[in-house]
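Colleague: Thanks for sitting down with me. Could you take me through this chain and tell me what stands behind each label you use?

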Amino acid sequence: MTETEGEKKPARVVVADDQTVVREGIVMLLGLLPGVEVVGAAGDGEEAVQLVEELDPDVVLMDLRMPRCDGVEATRRIRSQHPRTQVVVLTTYADDESLFPALRAGARGYLTKDAGGDEIVRAVQSVLSGDAGLSPSVQRRLLERLSQPEPAPAEPGPAMGPETPPDGLTARETEVLLLIADGLSNQEIARRLHVSTATVKTHINNLFAKTGLKDRAQAVRYAYSKGLVRPPTR
């Protein structure tokens, strides 16, 4: 009797989340549901990659914000080194800067942590069948993003800075710095960039760490001193 004629084997799953309570809760929840078998649990992305090497699971349920190796990099490594193993992101964040890098890294599913057990199992089964396992809110976000017109190229103006950002800043960190210099609050920056305030805070922390800045006033002075913005001409 073939597997399709008999009882289908449960999907072998590894859970990766740096928060012990959350990780153990997901493992316990999945243990109560048919169709999945949790074979391992990881506390960060590095451990998740190691468990995939050791256990060869069908699916990894992957958190994004983790120490040592975050979920995006772990997903990229898993999909590159173990293409048979699928990745379903299970995270608190559904903003563009969490969603799209994860999908580009090779994740086939994306759920937020308010998903129920049945929804997680459906996503696992979907990715193993070759489909995408996306929550309805993520599907809507993808459609909204695809329906938006491509932004027009920015025209050069007096506020344009050097082509290569200083001190190893990324393009997005530089963009956040310019908006700080323009006087915007974290909430206003989040609305302007269509991301969460938590994402904005992460960018600010990163740019402060790279530049040695302590506060927003220093950030404004830094932007002017590096020629990223120029005082208005009279």
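Modeller: Happy to. Keep in mind that this is a predicted model.

Colleague: What makes Asp56 partly exposed?

Modeller: Its relative accessible area is 38%. Buried means under 20% and exposed means over 50%, so with 38% Asp56 falls in between and is called partly exposed. Asp56 also has a positive phi of about 50°, although it is not a glycine.

Colleague: Where is Arg68, and why is it called exposed?

Modeller: Arg68 is in the loop between β3 and α3. The relative accessible area of Arg68 is 64%, and the cut-off for exposed is over 50%, so Arg68 counts as exposed.

Colleague: How do you know whether Asp63 is buried or exposed?

Modeller: By its relative accessibility, which is 4%. Buried means under 20%, so Asp63 counts as buried. Leaving aside residues up to four places away in sequence, Asp63 touches Ala16, Asp17, Asp18, Gly71, Leu90, Thr91 and Lys113.

Colleague: Now the sheet, please. What is the order of its strands?

Modeller: The sheet is open, has six strands and runs β2-β1-β3-β4-β5-β6, with parallel pairing.

Colleague: What makes β2 and β6 the edges?

Modeller: β2 (36–42) and β6 (133–134) each have a single partner strand, so one side of each is left without a neighbour in the sheet.

Colleague: How do you know that β5 pairs with β6?

Modeller: Two strands pair if there are at least two bridges between them. β5 and β6 have two bridges, in the parallel sense, so they meet the cut-off and count as a pair. Tyr110 stands opposite Leu134 in β6.

Colleague: And how many bridges join β4 to β5?

Modeller: Four, and β4 (residues 86–91) and β5 run parallel. Here Val89 has Tyr110 of β5 as its bridge partner.

Colleague: What makes you say that both faces of β5 are covered?

Modeller: Look at the residues on each side of β5 (residues 109–112). Gly109 and Leu111 are on one side, Tyr110 and Thr112 are on the other, and all of them are buried.

Colleague: Which residues of α4 are buried?

Modeller: In helix α4 (residues 96–105) they are Asp96, Ser98, Leu99, Phe100, Ala102 and Ala105. α4 is followed by Gly106, with a positive phi near 120°.

Colleague: On to the later helices. Why are α7 and α9 called roughly perpendicular?

Modeller: The axes of α7 (residues 171–181) and α9 (residues 197–211) come within 9 Å and cross at roughly 95°. Angles of 65 to 115 degrees count as roughly perpendicular, so α7 and α9 get that label. The contact is made by Arg172, Glu173, Val176, Leu177 and Ile180 of α7 and His203, Ile204, Asn206, Leu207 and Lys210 of α9. By class, that is five nonpolar, two polar and three charged residues.

Colleague: What about α7 and α10: how do you know their label?

Modeller: The axes of α7 and α10 (residues 216–225) come within 9 Å and cross at roughly 105°. That value is inside 65 to 115 degrees, so α7 and α10 are roughly perpendicular to each other. Leu177, Ile180 and Ala181 of α7 meet Arg216, Ala219, Val220, Tyr222 and Ala223 of α10. This contact divides into seven nonpolar, no polar and one charged residue.

Colleague: Lastly, what does the whole chain come to?

Modeller: Ten helices and six strands. Of its 234 residues, 41% count as buried.

Terms used. Residues numbered from 1 in each chain as written. Predicted model: local features only at pLDDT ≥ 70, side-chain atom pairs only at ≥ 80, totals over all residues. Heavy atoms only, no water. Buried < 20%, exposed > 50% of the residue type's maximum accessible area, 1.4 Å probe, protein only. Contact = heavy atoms within 4.5 Å. Axes fitted to C-alpha atoms, helices over the stretch in contact; angles between N-to-C directions. Parallel < 35°, antiparallel > 145°, perpendicular 65-115°, else oblique. Nonpolar A, V, L, I, M, F, W, Y, C, P; charged D, E, K, R; others polar.
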